[in-house]
Amino acid sequence: MRRRNGEVADRFLYNMADVTTADQASPPVKSGTITLARHGEPALSRKVKLNAPEYGDWWARYEVGGLKEGQTPPESLIQIARDADVLIASTRRRAIETAQAVTGGRAFATDPTFIEAPLPPPPWPLWLKMSPKRLGFFARFWWWFFNNHGGQETRAEAEVRAGKAADLLVELSDQGQDVLVVAHGFFNWMIADALKARGLAKLTDEGHAYWSIKRFRRA
């Protein structure tokens, strides 16, 4: 009886040693962080008054334009870029120039998945004029709540795209990689919403200002 008990104890200790060795050899992968950064301030002036069609033309120029000169990226964002394992920028010029400003010459990927959601002008009379900032707010309102897409991407289509972007970022972070995405204010917000829906916790939210970030990690 003693011998049998001894054999059982020996087998138990042997198995425990195997488990301990396996745990030490293959520790669980710690999820990386996902940082969504908005681009810097664009060069195109907002100090104008526009009607709805004129705003459509203004937004088209905004979409292809670059950054205003003389800007200095926040040191905190430069450090995030320095520590990131994966760097991705939207294919818009203002996002690419922002990524160039914060990456210190490191290579980064560009992906159209991360471009801004469209801003078609609202169906307003020609006599009504206001600043691009105010018109942008109302254009987003009409696009979001009234499906005013003007033949461009709809809200539903943009939500699908944001979900695909979130899935890509979660896949990378679950491999233990820290990811920095340099993109756009509203679409970053849509991606952030999709990340929260997938169970990630928000670590940082600096709002929607130029150069601001939102940061996430799996809870």
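1. For what follows, Ala, Val, Leu, Ile, Met, Phe, Trp, Tyr, Cys and Pro count as nonpolar, Asp, Glu, Lys and Arg as charged, and the others, Gly among them, as polar. By these classes, the lining of the largest pocket has ten nonpolar, five polar and six charged residues.

2. The model is a predicted one, in which local features need pLDDT of at least 70 and side-chain atom pairs count only at pLDDT 80 or more, while totals for chains, interfaces and linings use all residues. Residues are numbered from 1 along each chain as its sequence is written, and side-chain values use heavy atoms, with hydrogens and water left out.

3. The largest pocket has a volume of about 540 Å³ and is lined by 21 residues, of which Arg38, Arg46, Glu116, Leu119 and Phe186 lie nearest its centre. Two or more lining residues come from each of α2 (52–64), α5 (132–146) and α7 (185–197), and α5 gives the most, with five residues. Here a pocket is an open set of points on a 1 Å grid over the protein atoms alone, with protein on both sides within 12 Å along at least five of seven lines, whereas a cavity is a set of points where a 1.4 Å probe fits but cannot get out; lining residues have an atom within 4 Å of a point. A volume is the space filled by probe spheres set on the points, which are joined across faces, edges and corners, and the helices (H or I, at least four residues) and strands (E, at least two) are DSSP runs numbered from the N terminus.

4. By the cavity rule, the count comes to three cavities of 30 Å³ or more, and about 50 Å³ of space lies in the largest cavity. Its lining includes Leu36, Ala37, Arg38, His208 and Lys214; the elements giving two or more residues to that lining are β1, α7 and β6, with β1 giving the most, at three residues. By class, the lining of the largest cavity divides into three nonpolar, five polar and two charged residues.

5. In helix α3 (residues 75–83), the buried residues (under 20% relative accessible area; exposed is over 50%, partly exposed in between, with a 1.4 Å probe and protein chains only) are Leu77, Ile78, Ile80 and Ala81. Seen down the axis of α3, these residues fall within an arc of 160°, so they line one face of the helix, the arc being that of the directions from the helix axis to the C-beta atoms. Among the elements that cover them are β1 (33–38), β2 (86–89), α4 (93–103) and β6 (213–218), where contact means heavy atoms within 4.5 Å.

6. Counting a salt bridge as a side-chain nitrogen of Lys or Arg within 4 Å of a carboxyl oxygen of Asp or Glu, the total comes to twelve salt bridges. In one of them, the side chains of glutamate 63 and arginine 92 meet at 3.2 Å, N to O; glutamate 63 lies in helix α2 and arginine 92 in the loop between β2 and α4, so the pair ties together parts that are 29 residues apart in sequence. Glutamate 63 counts as buried at 12% relative accessibility, and arginine 92 as partly exposed at 24%. Glu63, Arg92 and Arg94 are linked in a network of salt bridges.

7. Lysine 214 and aspartate 205 also form a salt bridge (2.9 Å, N to O), in which lysine 214 is buried, with a relative accessible area of 4%, and aspartate 205 is partly exposed, at 37%. In the salt bridge of glutamate 75 with arginine 82, the closest N and O atoms are 4.0 Å apart; glutamate 75 is exposed, at 51%, and arginine 82 partly exposed, at 48%.
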